[in-house]
Amino acid sequence: MPDHSDLLVVGECVADIVRLPDEEDRVHPGGSPANVAYGLARLGHRATLLTQLGPDANGRLVRDHLTSAGVTVRTDGAPARTPSAAVTLDAAGQASYAFDVSWTLAPVPVEPAPGHVHTGSIGAVVGPGAETVLEIVRAARATATVSYDPNVRPALMGERAEAVRRVEECVGLSDLVKASDEDLAWLYPGEEPEKVAARWLEHGPAAVLVTRGGDGALAVLPGGPFTVAAARVEVVDTVGAGDAFMSGTLHALAAHGLLGAGARERLRAVDRDTLTDVLRHAVASAAVTVSRAGANPPDTAELREALDARGGARP
């Protein structure tokens with residue numbers, strides 16, 4: 001049986017070129033799946049990232065960043081240019097992106113069998129590599145639970161109806177889905193996030209989580225929705241906040257013994273109190289990240305401190 005602390009993340013790395021008014025550009029390692037893998041490793045998990053990286057300066061920067069936290073980085077061996085994104089921050093620290101991305105991930109053996117697989121963002125929807133990602137997820141469900149974060153990037157999503165189809169296919173393969181209210185607004189203009197999450201729940205996930213920035217997070221379970229408030233912190237920027245929320249979620253689910261195919265039915269029956277505790281960890285993880293520059297999620301000590309400040313339980 002797989003060790004539930006063995007988590008596989010499949011998806012892109014991106015070199016984020018951060019642009020601020022009247023300042024020189026700064027390059028930060030990024031990419032939503034890469035950030036999740038990094039966050040998991042910072043929280044003490046054995047995390048492997050299956051991705052593509054070029055042999056360029058940006059690729060070396062990203063690889064060194066990931067391995068510094070203990071992430072095992074695997075690539076398909078194909079020569080590739082490291083994807084990049086120009087990240088422009090407004091006066092409130094909100095980020096907008098312009099991408100230079102290709103994603104051609106080829107099939108590779110996934111060994112040893114992971115206890116959990118996370119995917120999302122560009123890697124799960126941009127061809128031709130997205131088909132490989134879906135093949136990996138389908139095969140992994142025999143041993144692993146699956147989480148998915150669409151992390152919508154409109155410039156790369158193509159025509160909306162086809163993007164929705166691809167996203168919903170990923171939702172249907174997942175045990176847990178997390179999305180932002182901005183993701184849902186682009187995918188389903190004019191629809192209430194709670195209604196979209198409830199509809200996604202009918203595709204098969206045990207729970208759908210919706211992040212709402214300063215308004216906290218919404219969780220939708222078969223028994224109904226509930227919310228958890230955001231932590232009150234001074235925001236430096238929002239880069240990587242959703243990814244820190246995701247790694248914090250998986251960290252807490254692992255502590256509650258709710259990852260791995262053997263835990264799938266327990267996850268489907270998760271109660272509100274347990275998921276509230278999971279969301280407290282997720283919100284605290286995101287709060288630490290927005291309080292400092294770049295996608296810089298907490299380690300275990302920093303997460304514990306943030307939870308203590310909120311008066312929350314911790315694993």
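With 315 residues, a compact globule would have a radius of gyration near 20 Å, and the protein chain agrees with that at 18 Å. This is a predicted model. The chain holds 12 helices and 13 strands.

**Overall build**
- Along the principal axes, the C-alpha atoms fill a box of roughly 50 × 45 × 40 Å.
- Take the contacts between residues at least 6 apart in sequence: 70% of them join residues at least 24 apart.

**Inside and surface**
- Of the 315 residues in the protein chain, 55% are buried.
- The protein chain exposes about 12,700 Å².

**Charges**
- The protein chain carries 28 positive and 41 negative charges.

**A look at leucine 89**
- Leucine 89 sits in strand S6, which covers residues 84-89.
- Is leucine 89 buried or exposed? Its relative accessibility is 7%, so it counts as buried, because buried means under 20%.
- Which residues does leucine 89 touch, leaving out those up to four places away in sequence? They include Val18, Arg19, Leu20 and Pro21. Gln94 and Ala95 are also among them. Asp237 and Val239 complete the list.
- Glycine 77 lies 12 residues from leucine 89 along the chain. The C-alpha atoms of glycine 77 and leucine 89 are separated by 34 Å.

Conventions
Residues numbered from 1 in each chain as written. Predicted model: local features only at pLDDT ≥ 70, side-chain atom pairs only at ≥ 80, totals over all residues. Heavy atoms only, no water. Helix = DSSP H or I, 4+ residues; strand = E, 2+ residues; numbered from the N terminus. Rg over C-alpha atoms; globule rule 2.2 N^0.38 Å. Buried < 20%, exposed > 50% of the residue type's maximum accessible area, 1.4 Å probe, protein only. Contact = heavy atoms within 4.5 Å. Areas by Shrake-Rupley, 256 points an atom, 1.4 Å probe, with all protein chains shown as cover. Lys, Arg positive; Asp, Glu negative; His and termini not counted. Charge placed at Lys NZ, Arg CZ, Asp CG, Glu CD.
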